[in-house]
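Subject: Structure handover

Dear colleague,

Here is the structure I said I would pass on. My notes on it follow below.

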Amino acid sequence: AELEGRLGTVVTVDFEYGPEGLALVGLEQVRRPPARVATSLAVDLAIRGITDERQALLSTAPAHVLALLHPQPHLTGSEVELVTGLGASPGAAVGRIALDSETAVEMAEAGESVLLVMGETTPGDLPGMMAASGILTVNGGSASHAAVVARGMGRPAICGAADLRIDREAGTISAGELVLRAGDVASIDGATGIAYVGALTIERPSPSPSLTTLLGWADDARRLGVRANADNGPDAGVAMDNGAEGIGLCRTEHQFLGDRLPLVRAVILSHDYDAEQAALAALADAQREDFRELLRAVGDRPVTVRLLDAPMHEFLPSSADELDDPHQARMLEHLHEENPMLGVRGVRLALMHEGLYPAQVEGLFNAWVDVVSAGEARPQLEVMVPLVSIPDELVMTLRLVRRVNQEVASRTGTIIP
């Protein structure tokens, strides 16, 4: 401890005990100390007055914090690397390979740890993503569906593993000469982006008093405010508990994944006024419930709610076989796009279905009134209109939003700022 205090770093020391007593024979700095050791030493040196709080912060790498918050692989050097991609969501996981969402759910229900391996994921794959311990995709980057959802759920994920080949018919995945079958065990490290053959030893995160102290000092020193991305009450609550100063982005399309997906699909594929109005009313009720939970968790802090913004194909079935209505099947064919990411999405979809954004903001404003009237909180509300490319799109949407705002205020007697 005395040597580490003098040198200000983690060291390994070799002693020799002989006839003349104890002798120091070797001293070496540990170049990459484990995260727990590095943070503990940084805090200890500052508390003992050898350094100070600022130096403790500067000597702690962001990777140390991530390592203490997420599971990490314990590597021995004998591991067989399967493929390398983009480390899209930190953490490590071991599981049996599933090549589709349905299989992943079945395996998880049977008590298996699952690694979901796909070309890419869509909102329809959410049940499998939730069931999986980790996610590996061939395509996509840090902003892909798999990456964003995995980070939101706290699942480790690797995306863009372009050298990986998936053969659904044969039930295999391969990279170079390595071939694994569905059901075989593989591991991923979401920090480095490396996937491995077989099971790694995973070190689970545990509370670190030194990290808590260090993050407290960081709050005193920082100049940057931090808001979280959160789409529901539980996620927002975790973010607030970990020091977030509000919600910088609530992606409302994430509220329509899984069981809620038919609500948006019904709006997009509705083919008469009554059907669309019924679908919009159901959507507004669901949004009110979701937003109420979110706003309670946010409290008096700011929250930015982005109206529906996802490529339309993410809300539609992959084939007409999943639809019962022949008219919806014809609409599905008509709505096909070569480049959905730049097609009818965001504000453009909302202007084609004029009731879509009003239904969302009606749910939001009603939820805000519910929370404020009950004395639970008074969130600072902001609404984001996504994918605006010309001024008229924003003007038209603003008129819709303000109209709904005034209608809710008139009905409830509460002004929603």
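**Notes on the model**

Thr-172 lies in strand β11, residues 172-175; strands (E, at least two residues) and helices (H or I, at least four) are DSSP runs, numbered from the N terminus. This is a predicted model, in which local features need pLDDT of at least 70 and side-chain atom pairs count only at pLDDT 80 or more, while totals for chains, interfaces and linings use all residues. Residues are numbered from 1 along each chain as its sequence is written, and side-chain values use heavy atoms, with hydrogens and water left out.

With a relative accessible area of 11%, Thr-172 is buried (buried is under 20%, exposed is over 50%, partly exposed is in between; 1.4 Å probe, protein chains only). Leaving aside residues up to four places away in sequence, Thr-172 touches Leu-99, Arg-165, Ile-166, Asp-167, Val-179, Leu-180 and Arg-181. A contact here means heavy atoms within 4.5 Å.

**Overall**

The protein has 15 helices and 19 strands. Its C-alpha trace spans about 95 × 60 × 40 Å along the principal axes. Of the 417 residues, 46% count as buried. The protein exposes about 21,500 Å², and carbon and sulfur atoms supply 51% of that area; accessible areas come from the Shrake-Rupley method with a 1.4 Å probe, and for residues only the protein chains shown count as cover. Among contacts between residues at least 6 apart in sequence, 63% join residues at least 24 apart.

**Salt bridges**

A search of the whole structure finds 13 salt bridges, each defined as a side-chain nitrogen of Lys or Arg within 4 Å of a carboxyl oxygen of Asp or Glu. Three of them are described here.

Arg-288 and Asp-370 meet through their side chains, at 2.9 Å from N to O. This pair links distant parts of the chain: Arg-288 belongs to helix α11 (residues 273-298) and Asp-370 to helix α14 (residues 356-373), 82 residues apart. Arg-288 counts as partly exposed at 30% relative accessibility, and Asp-370 is partly exposed at 21%.

The salt bridge between Arg-345 and Asp-309 has its closest N and O atoms 3.2 Å apart. Arg-345 sits in the loop between α12 (326-334) and α13 (347-352), and Asp-309 in the loop between β18 (302-306) and α12, so the pair ties together parts 36 residues apart in sequence. Both Arg-345 and Asp-309 are buried. They also belong to a network of salt bridges that links Glu-253, Arg-306, Asp-309 and Arg-345.

In the salt bridge between Arg-403 and Glu-407, the closest N and O atoms are 3.5 Å apart. These two residues are about one helical turn from each other because they lie 4 residues apart in helix α15 (residues 391-412). An α-helix has 3.6 residues a turn, so residues three or four places apart point the same way. Arg-403 is partly exposed at 40% relative accessibility, and Glu-407 is partly exposed at 42%.

At 18% relative accessibility, Asn-405 counts as buried. Its contacts, not counting residues up to four places away in sequence, are Phe-365 and Ile-416.

Helix α10 (residues 261-269) is mostly covered, with 7 of its 9 residues buried. The buried residues are Leu-261, Leu-263, Val-264, Arg-265, Val-267, Ile-268 and Leu-269. Their cover includes α11, α12, α13 and α14.

**Second largest pocket**

The second largest pocket holds about 790 Å³ of space. On a 1 Å grid over the protein atoms alone, a pocket is an open set of points where a 1.4 Å probe fits, with protein on both sides within 12 Å along at least five of seven lines. Grid points are joined across faces, edges and corners, and the volume is the space filled by probe spheres set on the points.

Its lining (residues with an atom within 4 Å of a point) has 24 residues, of which Pro-34, Ala-35, Ala-67, Gln-72 and Glu-203 lie nearest the centre. At least two lining residues each come from α2 (35-47), α4 (62-69) and β3 (72-74). Helix α4 gives the most, with 5 residues. By class, the lining has 13 nonpolar, 6 polar and 5 charged residues; Ala, Val, Leu, Ile, Met, Phe, Trp, Tyr, Cys and Pro count as nonpolar, Asp, Glu, Lys and Arg as charged, and the others, Gly among them, as polar.

Regards
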